[in-house]
Amino acid sequence: MRNMMQKSALVLALLAAGAVSAPAAGSEDEFKAAYAAAETANKEAGKLRNQWTTTAATLAASKKAAEAGEFDKATASAKEAEALAKASIFQATSEKTRWKELEIR
Amino acid sequence: MKRRSAITLVSAALAFAALTLASALPSDAADKVDPVADAKAFRKFFTDKFPKVKLEDFVNGPYSMNEDLYRQWQEKEQFPPYEFSLEMGKEMFSKPFKNGKSYADCFPNGGIGIRQNYPYFDEKEGKIITLELALNRCREANGEAPYSYVRDEMAALTAYMAFTSRGKPMDIKIPDDPRALAAYENGKEYFYTRRGQLNFSCATCHVQSPGERIRAEILAPALGIVNAMPIYRSEWSGMGTTSRRFTTCNSQIRGVPLSPQDDEYRNVEYYLSYVSNGLPISGPGARP
């Protein structure tokens, strides 16, 4: 019984190690893809003259984490930056007509 | 009978067409660029919102919104914090360039008492020219390097020029030129457009909330807000140009500022100045 428990613990430990190491191995590519998508969205916001400082800061945080080899953290930041950039694009687009609601007439 | 039916049909068609046209007209009229009506409505909005504030006092920004602050401002004006900048500006303005010419050669009336006419629409260029831009163009035309739009030298020069116009009513013209009207309309759009992660427009603070606090500061009304530029801000511990004000407003709402004197900033200054026509120039100003 004890032997069986020891085996199970070993299997669990191996599985856990695998669970951590497998994404770590593939996450640099994931980071690169997420970062590129965020940069593209932020450039689009720039064309609309409506970038957010928080997008730039989150992109910088993503790059810094990637340079430190923390690709999971870097990917999460890049995805957050992409979401921020997309929100700024939505804002710029919707404000093309919405600004009139605030106008003093 | 047939003829009567035909007449009835034609009449109905004409009436329908007339109704359709009539319903289209108001929306066309509403979308028409009408700076005179805008300025009238703008002024009415603020004078209705703050019936106790004298029209000419709106140029004193937050100090016009609160009696205690107004007293503080009167005391401040005894030894104004912008005085050093004013003296520096006067000295800079009168000092000739290396080629022997001076700022006075670049401006009507030698640059004295003309602040109220800026910004203006330049017909040749088809764009808005602000005082800050005109000063740097003057420098470059005379072989001098342009100044930063957000630093002390530009603030000092514009402070001196504003001081020579103190009390003169803002007098911005919009010529009957579609490009001038477009610049005005684009400036208006910029003023009311929400931006930055905080989703604020210029109007969020300076139309919807003047007199209210944002953190420790009391917000200024948009009416007459540019008449006091440049300003000494205690928060900055120094002078600030119009360019500095616009760019810092953008970054405070978590928007990436544009470059000083980009078209958007020139246009919004044109719009804000036009709707403040008739109010006195009070620059250089002081703000908390």
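User: Which strand is β5(B) joined to, and by how many bridges?
Analyst: In this predicted model, strand β5 (residues 231-233) of chain B is joined to β6(B) by three bridges, and the two run antiparallel.

User: What does Arg233(B) stand opposite?
Analyst: Gly238(B), in β6(B).

User: What is the strand order in the open sheet?
Analyst: The order is β6-β5-β7 in chain B, three strands with mixed pairing. β6 (238-240) and β7 (285-287) of chain B are the edge strands; each has a single partner, so one side of each has no neighbour in the sheet. From one strand to the next, the twist averages 35°.

User: OK, helices. How far apart are the end C-alpha atoms of α10(B)?
Analyst: They are 16 Å apart. Helix α10 of chain B has 12 residues, 263-274, and at 1.5 Å a residue the span should be 16 Å, so the two agree.

User: How many residues of α10(B) are buried?
Analyst: 10 of the 12, so the helix is largely enclosed by the rest of the structure. Among the buried ones are Arg266(B), Glu269(B), Tyr271(B) and Leu272(B).

User: What covers them?
Analyst: The cover for the buried residues of α10(B) includes α2 (35-49), β2 (127-129), α7 (178-192) and α9 (242-252) of chain B.

User: Which residues touch the most other members in the largest nonpolar core?
Analyst: Ala159(B), Tyr271(B) and Leu272(B), in a core of 59 residues. Elements of chain B that give two or more residues to this core include α5 (131-141), α6 (152-163), α8 (202-206), β5 and α10. α6(B) gives the most, with nine residues.

User: And Leu272(B), what is it in contact with, leaving aside neighbours within four places in sequence?
Analyst: Leu272(B) is in contact with Phe191(B), Ala222(B), Ile225(B) and Val226(B).

User: Which residues does the second core include?
Analyst: That separate core has 16 residues, including Tyr35(A), Ala38(A), Ala66(A) and Leu84(A).

User: Switching to the interface. How many residues of each chain are in contact?
Analyst: 14 residues of chain A are in contact with 20 residues of chain B.

User: Which elements of chain A give two or more residues to that side?
Analyst: α2 (53-67) and α3 (71-98) of chain A. α2(A) gives the most, with three residues.

User: What is the make-up of that side by class?
Analyst: The side of chain A that touches chain B has five nonpolar, five polar and four charged residues.

Notes:
Residues are numbered from 1 along each chain as its sequence is written. Chains are lettered from A and ligands numbered from 1 in the order in which they are written. This is a predicted model: local features need pLDDT of at least 70, side-chain atom pairs count only at pLDDT 80 or more; totals for chains, interfaces and linings use all residues. Two residues are in contact if their C-beta atoms, placed from the backbone, lie within 7 Å. Helices (H or I, at least four residues) and strands (E, at least two) are DSSP runs, numbered from the N terminus. Ala, Val, Leu, Ile, Met, Phe, Trp, Tyr, Cys and Pro count as nonpolar, Asp, Glu, Lys and Arg as charged, and the others, Gly among them, as polar. The expected span of a helix is 1.5 Å times one less than its number of residues. A residue is buried if 20 or more other C-beta atoms lie within 10 Å of its own, exposed if 12 or fewer, and partly exposed in between; C-beta atoms are placed from the backbone. Two strands pair if DSSP finds at least two bridges between them. Axes are lines fitted to C-alpha atoms, for helices over the stretch in contact, and angles run from 0 to 180 degrees between N-to-C directions. A nonpolar core is a set of buried Ala, Val, Leu, Ile, Met, Phe, Trp, Tyr and Cys residues joined through C-beta atoms within 7 Å.
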